[in-house]
Structure formats: C-alpha cells, structure tokens
Amino acid sequence: AVINKGGAGGLLGYVEIANAQPDGSTLGIFAFPGAAQASLSDNEFTLDKVTPLFVQVTEPKFVAVAHDSPFATMEELIGYARENPGKLVAANNGAGSSNEIAMVALGLWGDMEFVNLGFDGAGPMKIGVLGGHADLMPVGATEIDEQLRPLMVFGQTRHPDYPDVPTSYELGIELDVTAHRIIAAPAGTPQEIIDYLMDGFNKMNADPEYQEAMKKTGAQTAFITGEELEQVIQGHLDFVQEYQELIKE
C-alpha cells in the first residue's frame with residue numbers, strides 16, 4: 001500500500017517512517033536535500049533513526065516561470081532580480097523542503113534577493129505561479145509541462161530532454177541542487193530483512209518493464225548503494241550546513 005503522508009516539506013512522513021516498527025513492512029522515500037535539512041533541524045527526526053537502502057531516482061532541479069511570464073530567459077530574470085532586490089517572489093512547497101532550499105540557495109549563491117513564499121504542497125505552488133502570486137519556482141524534470149517555461153537547470157550538465165535550457169554553472173551560479181530520492185527503512189531493521197529487501201530491489205531495478213515505466217514518467221532511475229550512497233547523503237548534509245551558515249550571515 002502506498003500512503004502519501006504530506007506536510008512540513010516531507011517531515012511528517014519522515015517521522016512516521018522513523019517511528020515505525022523495524023520489521024521490513026514499512027519503508028519510505030526520503031527526498032534529499034530536504035531530508036538532510038530536516039535531520040539537522042530541531043525536531044524528532046534524525047538520520048540515525050532510519051537505514052538508507054539505495055538511491056532510486058535522481059532528479060535535476062529547474063527554475064521555471066509561467067508560460068506567459070515576461071521573462072523569456074534566465075539572464076533576463078537574473079538581471080531584473082539584481083536590479084530590483086526583493087521584487088520577485090520565489091515559490092516553494094514548505095519550510096525545510098528541498099524546493100525552499102533551492103530557492104533560498106539560488107538567491108544566496110546568485111547574488112539575488114527574493115521574497116520566498118511557501119505554499120501547501122507542490123500543486124498549490126504551481127497554481128501560485130500560474131496565478132501571478134509568485135514569479136518563479138523550482139521544479140523537477142517530471143513536473144514540467146506546457147504551462148511552465150524552464151529557464152535554468154541547477155548543475156553542470158544540461159538535461160537531455162531540455163537541451164536548450166542552460167545550466168546554473170553556464171550562468172555563473174556554481175550551484176547544484178540535484179535531488180536524490182532514497183528508499184529507507186526504520187533503524188534497527190534486522191540485516192536478514194534488509195538483505196531480503198535489497199534482493200527484491202535488485203531484481204526490480206533489472207526489470208525492463210520497471211525501467212520503461214519509470215522512463216515514461218520522466219524519472220532518471222538510479223541504484224546507488226553502499227559507500228557511494230553514504231557519499232551522496234554526506235554531500236547533502238555538507239551542502240545544507242553551508243547553506244545554513246550563509247543564512248545566519
């Protein structure tokens with residue numbers, strides 16, 4: 001059974017998984033860097049309460065505007081934002097979410113001042129942009145449609161589905177907020193159960209039907225485990241800590 005537990009940028013779901021019985025029957029998807037932000041904040045969720053199993057999806061983050069926005073390029077938006085600090089509203093889907101981190105970090109690293117406005121979920125965030133209540137928003141590749149105009153992708157490599165959209169590095173903003181979706185179990189789950197689950201997930205990852213289904217959603221599948229998985233998580237923790245220090249300054 002798939003249960004969507006929204007709220008607080010994913011925190012409510014993370015807490016529920018962390019507090020679940022460690023018997024292998026309850027697993028969860030953790031979106032980084034948002035989960036790293038949640039684990040470093042003052043709440044009842046910390047990463048030592050879960051056992052990360054593998055990265056299932058990597059999702060580059062875009063900056064997008066409404067299809068009828070006056071900004072046709074990211075260069076235009078950057079120029080306006082720098083000349084008019086505090087005039088543009090950047091939408092996100094909740095405090096501590098990876099989307100809030102992306103927008104706040106964009107302002108910090110890109111020398112721009114936005115009004116960061118939180119909405120109750122990704123759907124309302126998009127409605128806010130389309131309705132003119134916000135000027136720009138972060139969005140994953142799977143969420144881009146004809147109602148949105150992608151202007152920039154965070155990272156060093158252009159997205160194959162959007163080859164004309166420049167990267168943040170091309171525009172002089174050396175910032176990568178690629179999201180990683182990590183499957184995790186409650187801490188204390190017995191190793192024999194972890195081994196059983198990972199055997200099944202390995203078979204899933206090798207299944208052509210699974211890969212084809214994921215491809216149709218626009219998701220970039222991955223299967224990152226072990227030491228490389230630890231490095232991914234540590235990279236997000238380091239990024240969030242740097243981000244928090246910049247906010248304090």
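**Reading a predicted model**

Q: Is W109 buried or exposed, or does it fall in between?
A: W109 is partly exposed, with a relative accessible area of 24%. Buried means under 20% relative accessible area and exposed over 50%, with partly exposed in between (1.4 Å probe, protein chains only). This is a predicted model, in which local features need pLDDT of at least 70 and side-chain atom pairs count only at pLDDT 80 or more, whereas totals for chains, interfaces and linings use all residues. Residues are numbered from 1 along each chain as its sequence is written, and side-chain values use heavy atoms, with hydrogens and water left out.

Q: How many residues of α4 are buried?
A: Helix α4 is mostly covered, with 10 of its 12 residues buried. Among them are I101, M103, V104 and L106. Just after α4, D111 adopts a positive phi of about 60°.

Q: How many aromatic pairs does a search of the whole structure find?
A: Rings of Phe, Tyr and Trp (its six-membered ring) pair if their centres lie within 6.5 Å; planes under 30 degrees apart count as stacked, over 60 as edge-to-face and the rest as tilted. The search gives eight aromatic pairs. In one of them, F54 and F201 are tilted, at 4.8 Å centre to centre and 50° between the planes. This pair links distant parts of the chain, since F54 belongs to strand β2 and F201 to helix α6, 147 residues apart. Both F54 and F201 are buried.

Q: Why is the pair of W109 and F239 called stacked?
A: The ring centres of W109 and F239 are 5.6 Å apart and their planes lie at 20°, so the pair counts as stacked. Here too distant parts of the chain are linked: W109 is in helix α4 and F239 in helix α8 (226-248), 130 residues apart. F239 is buried, at 14% relative accessible area.

Q: How many salt bridges does the rule count?
A: Side chains of opposite charge can pair when their charged atoms come close. The rule asks for a side-chain nitrogen of Lys or Arg within 4 Å of a carboxyl oxygen of Asp or Glu. The count comes to four salt bridges. One of these joins R181 to E59, with the closest N and O atoms 2.6 Å apart. It links distant parts of the chain, from R181 in strand β8 (179-186) to E59 in strand β2 (50-59), 122 residues apart. R181 is partly exposed at 21% relative accessibility, and E59 is buried at 7%.

Q: Where do R158 and E170 lie in the chain?
A: R158 and E170 meet in a salt bridge of 2.7 Å, N to O. Both lie in the loop between β7 (148-153) and β8, 12 residues apart. R158 has a relative accessible area of 35% and is partly exposed; E170, at 45%, is partly exposed.

Q: How are K203 and D199 placed in helix α6?
A: An α-helix has 3.6 residues a turn, so residues three or four places apart point the same way. K203 and D199 are four residues apart in α6 (191-205), which means a separation of about one helical turn. Their closest N and O atoms are 3.3 Å apart, forming a salt bridge. K203 is exposed at 55%, while D199 is partly exposed at 41%.

Q: In what order do the four strands form an open sheet?
A: Two strands pair if DSSP finds at least two bridges between them. The order is β1-β8-β2-β9, with antiparallel pairing. Strands β1 (28-32) and β9 (220-224) are the edges, each pairing on one side only. Between β2 and β9 there are three bridges, and V57 has T221 in β9 as its bridge partner.

Q: Which strands does α6 lie across?
A: Contact means heavy atoms within 4.5 Å. Axes are lines fitted to C-alpha atoms, for helices over the stretch in contact, and angles run from 0 to 180 degrees between N-to-C directions. Helix α6 lies across β2, β8 and β9, running at about 10° to β2. Helix α1 (11-18) lies across β1, β2 and β8, at about 135° to β1.

Definitions and conventions: Helix = DSSP H or I, 4+ residues; strand = E, 2+ residues; numbered from the N terminus.
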